Amino acid sequence: MTRQVWAVFLVAVVGVAGAGLFGLSAAGVFDRTQPGTAPTPAPEVSTAPRASTPSPAQSRPTPAQSSTTKPAPSTPARSSAPTRAVSPTRPPSPAARRYVFPVGGCRADASQSHHDYPASDIFADVGCLFVSPVDGRVDEVTRVDTWDPKTNRGPDRGGLSVSVVGVDGVRYYGSHLSAIAAGIRPGVIVRAGQTLARTGKTGSARVTPPHLHFGISWPTKPNTWWIRRGAVPPQEFLNSWHHGGQLSPVGLVAKTRRTYGVDRGCRSYC
């Protein structure tokens, strides 16, 4: 064949081959999966929010989550009001209890009468506590027993003594003491139930059973012993305090002071 014939023949072959390939591609032959090969899935895009990965500390089980730990019992809610614990060995607070019986630490019996002037003899063994019946300050203190039975002078009859002017404005006096507590001196602030001294037999009690002479009066100038020893009968108040009552002598003391009149010195048993 001549060169022209070969050229025409090759052009024809190429044209037929190109037409065949085009037809196969249109039919989707080349998109089919090869046998034995699994199709690769397209990646899925999730629209749900991704969960945060817990830290190691968060992933550890807490004691409450542990299967071996017993659940803690539920605790009832506490009241918002504070609870004040009361010690059985201490007297109640002054707000709860203003007055206390003046003898502590042993049995004591208060007389329901007294000779010649208002007072009470509280019979108790030597060494019992004489305590302040109320909050207040120490008024007068006598530390030396100068009583002489031959003269029996009124200022000396009490022997060792302590008086307290309470926050209620009333003066409380105790005498015939055997010892006065350290630090008890005029002007010292004391609390209800605080020990002032020990009961005894000084003064005129040397010849009687041991007792605490107890008197109630209004405050006076120093050494006004005839009023200090007692101006108001204390029995009803002592009886109240002995049983935990809170009967106050303020009103009776004020009334008695008004009717007492001008002070002219000792009026009885001088």
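Colleague: Is Arg171 buried or exposed?
Modeller: This is a predicted model, in which local features need pLDDT of at least 70, side-chain atom pairs count only at pLDDT 80 or more, and totals for chains, interfaces and linings use all residues. Residues are numbered from 1 along each chain as its sequence is written, and side-chain values use heavy atoms, with hydrogens and water left out. Buried means under 20% relative accessible area, exposed over 50% and partly exposed in between, with a 1.4 Å probe and protein chains only. At 0% relative accessibility, Arg171 is therefore buried.

Colleague: How far apart are the closest N and O atoms of Asp139 and Arg171?
Modeller: The two residues form a salt bridge, that is, a side-chain nitrogen of Lys or Arg within 4 Å of a carboxyl oxygen of Asp or Glu. For Asp139 and Arg171 the closest N and O atoms are apart by 3.4 Å.

Colleague: How many residues apart in sequence are the parts that Asp139 and Arg171 tie together?
Modeller: Strands here are DSSP runs (E, at least two residues), numbered from the N terminus. Asp139 lies in strand 5 (residues 136–142) and Arg171 in strand 7 (residues 171–180), so the separation in sequence of the parts they tie together is 32 residues.

Colleague: Which strand holds Glu140, a partner of Arg171?
Modeller: Glu140 forms a salt bridge with Arg171, with the closest N and O atoms 4.0 Å apart. This pair ties together parts 31 residues apart in sequence, because Arg171 lies in strand 7 and Glu140 in strand 5.

Colleague: Which residues do salt bridges that share partners join into one network?
Modeller: The structure holds seven salt bridges. Through shared partners, one network joins Asp139, Glu140, Arg171 and Arg228.

Colleague: How many disulfides does the count give?
Modeller: The rule is a pair of cysteine sulfur atoms within 2.5 Å. Cys106 and Cys128 meet it with sulfur atoms 1.7 Å apart, and Cys266 and Cys270 with theirs 1.6 Å apart. The count is two.

Colleague: Is the disulfide of Cys266 and Cys270 right-handed or left-handed?
Modeller: Cys266 is partly exposed at 25% relative accessible area and Cys270 is exposed at 51%. The torsion about their S-S bond is about -100°, so this disulfide is left-handed.

Technical notes:
Helix = DSSP H or I, 4+ residues; strand = E, 2+ residues; numbered from the N terminus.
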